[in-house]
Amino acid sequence: MLPKQQKKIPVTAEIVDLDSSDDEGGQGAAAEFSNNVNKPSNNAKLQSKPPNAQAAVPSANNVNNRSLESRSFWKAGAYEIGPSKSTSFQGDLEHARVHPKFLHSNATSHKWAFGAIAELLDNAVDEIGSGATFVKVDRIYNAKDNSPALLFQDDGGGMDPEGIRKCMSLGYSSKTSNTTIGQYGNGFKTSTMRLGADVIVFSRAIQSGRATQSVGLLSYTFLRRTGQDDVIVPMVDFDISDHWAEPIIYSSKDDWSSNLNTILEWSPFASKDNLMLQFENIGSHGTKIIIYNLWLNDEGIYELNFDDDQEDIRLRDEANRGNPSKTHKRVLELQSHISYRIRFSLRAYASILYLRKFMNFKIILRGKPVQQLYIADDLKYSKAIMYRPTVGVASKEVMVETTIGFIKEAPALGVCGFNVYHKNRLIRPFWKVTADGSSKGHGVVGVLEANFIEPAHDKQDFERSSLFSKLEMRLKQMVMEYWKGHCHLIGHQPDGMNKSNLRNQSTVQPRDGDNMQKQSATDSHMHPVRPVIDLADDLQHQLPGQQTGTSRTSGSGKSPTVTGPVAGSAGEASLDGLSSRSIDQISEENIQLFNRCHEYIEKEVELKKTIEELENELEETRNKCARLSSHLESQRMQMITRQ
């Protein structure tokens, strides 16, 4: 990094974007950096080291009143911010400050620890294009206090000095490919700070024939205990083109040494030799990330559980829900299903995290490769359904294929929902679109890749848009249509049919007209648009009383007797009531109502947007009024003073 001049704001503030995932570290950028490393830049956001680095970085021993108030993540940001201690000097440029507290508040976008881990896995997967063949995730130990730490290591292209500075920058991302997962330039910072208070990054790269290795430290503990009011990220770089580590010095050797000493004091490595040993197993290119001072839960226990399974990492609070010894057998069976295990088992979650299976890449969790699971392969009676949403201003139509079917445990387990991916990455697992309390759709699971809607920043949900609402409605319709045509295959009875109906159907063949009526009534009942169901109910109430065991005359004049409650059932009555209406009329009305639902949803989205704009205008108007009131009051006081 480019150090700053004595007693001045850093010449190159590292807008520190900590990862090879948020930025691919373009080769063009590396070449430009190598030609301009000694050219100062005032594009400052975050500091690589404090002003007057040698004196301004107090040690932990000298600052006793700056300890972290809580090691629990959700409480770690609750502290008072003191007055700014930075001063500006003649010639300094005004710049937006980034307080260390922002690192914590920024990380709260990850409500779920596994969501943060998935971000770091995404970074490694994005490196497949740069030759990565694996990413290792494991538990190691902090050499200074023997506490557990979390390791991520890949053999991708790595980051050169310019790349690691971009990686450490907030919001910077050069990923423009449609195949890369990262896009917001924030994932590394949010994910690492969500898992632990501190992270150190080691990276080796070869760019334009120059081999380098770099170390960067993002430490919430360091920033808090030394009372910093700007995010300071010490980094050191080495040129290893000649097979030994030659320090890359941009300003002075003292500045470089100051950065190194800060890293040694606040990282798990107490000496330069121990620090350099971390590059030994990286090879000629790759990245190693070590997250330490891991967060605790509210009970003061590590949030990540490394002990219950030596081949897995578990979420302690999720895994301990319920008492297995007192849990019903059916509940235990449900908890053994992948839809439940992904809540607390990283191995289970990683197994379905990516839609397409890797050819030459492995996720190695605690020494054992993760076996990828394609959910659609385990579905019974599966079928493919095409969905063609219209997207974009130009009304471009895309095609999305959804695979839908019953889980192999159906009907014993009522697991259901859609696994929705975006650019190969799982965003919403087992998304239940049917109403709670309804048995329709039990056991029905689907898989699709929805690249036409945008994921939220934590990649655990989608942005709420009209396209998302339309997708939700279409998925509901898919479930209902599939259930109607396939539920009997797993022992469920179609609507309006009971066991007597099913038995009689095998011996009595109704007229063609009756078949059409039944199909029409079933279609209207199964359709997700409610008004059609209400119509059938109204017709049913208007019909005269039915008689059990009556007969109907067929077209040939013969009168087959229908035994049991078939003729007297409510379903039969409603079918007779609908006989005067053609199937085409009901279908047309159904389609019109469905389209009206879409229109109302779009209007609702537009109205919400209008309300938001009006609220913003109202807030601006209030601010203007407040300023004018303050100005008038000031003028009035001046006039009183003059008198």
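**Briefing: helices, sheet and hairpin in a predicted model**

The secondary structure of the protein comes to 19 helices and 20 strands. Helices (H or I, at least four residues) and strands (E, at least two) are DSSP runs, numbered from the N terminus. This is a predicted model: local features need pLDDT of at least 70, side-chain atom pairs count only at pLDDT 80 or more, and totals for chains, interfaces and linings use all residues. Residues are numbered from 1 along each chain as its sequence is written, and side-chain values use heavy atoms, with hydrogens and water left out.

**Overall**

- Of the 643 residues of the protein, 48% count as buried. Buried means under 20% relative accessible area, exposed over 50%, and partly exposed in between (1.4 Å probe, protein chains only).
- Take the contacts in the protein with a separation of 6 or more: residues 24 or more positions apart account for 73% of them. Contact means heavy atoms within 4.5 Å.

**The nine-stranded sheet**

- Nine strands form an open sheet with mixed pairing, in the order E8-E7-E6-E5-E9-E3-E2-E12-E13. Two strands pair if DSSP finds at least two bridges between them.
- The edge strands are E8 (246-247) and E13 (368-369), and each pairs on one side only.
- Strands E2 (residues 134-141) and E12 (residues 362-365) run parallel, joined by four bridges. Phe134 has Lys362 in E12 as its bridge partner.
- Helix H4 (residues 113-126) lies across E2, E3 (148-154), E9 (286-294) and E12, at about 25° to E3. Axes are lines fitted to C-alpha atoms, for helices over the stretch in contact, and angles run from 0 to 180 degrees between N-to-C directions.
- Helix H8 (residues 253-266) lies across E5 (196-207), E6 (210-219), E7 (235-239), E8 and E9. H8 runs at about 115° to E7.
- Gly131 sits in the loop between H4 and E2. Gly131 is partly exposed, with a relative accessible area of 42%.
- Gly131 and Phe361 are 230 residues apart in sequence, yet 9.3 Å apart in space, C-alpha to C-alpha.

**Helices H4 and H6**

- H4 packs with helix H6 (residues 187-195) at an angle of about 135°, their axes 8 Å apart. That makes H4 oblique to H6. Angles under 35 degrees count as roughly parallel, over 145 as roughly antiparallel, 65 to 115 as roughly perpendicular and the rest as oblique.
- On the H4 side, Ala113, Ala116, Ile117, Glu119, Leu120 and Asn123 make the contact. They meet Gly187, Phe188, Ser191, Thr192, Arg194 and Leu195 in H6.
- By class, the contact of H4 with H6 has six nonpolar, four polar and two charged residues. Ala, Val, Leu, Ile, Met, Phe, Trp, Tyr, Cys and Pro count as nonpolar, Asp, Glu, Lys and Arg as charged, and the others, Gly among them, as polar.
- H6 is mostly covered, with nine of its nine residues buried.

**The E18-E19 hairpin**

- Strand E18 (residues 417-422) pairs with E19 in the antiparallel sense over four bridges. Tyr421 stands opposite Leu426 in E19.
- Two residues lie between the strands of this hairpin, and Lys423 takes a positive phi near 50°.
- E19 (residues 425-431) is mostly covered: six of its seven residues are buried.

**Helix H14**

- Met480 lies in H14 (residues 466-486). Met480 is buried, with a relative accessible area of 11%.
- Met480 and Lys440 are 40 residues apart in sequence and 7.2 Å apart in space, C-alpha to C-alpha.
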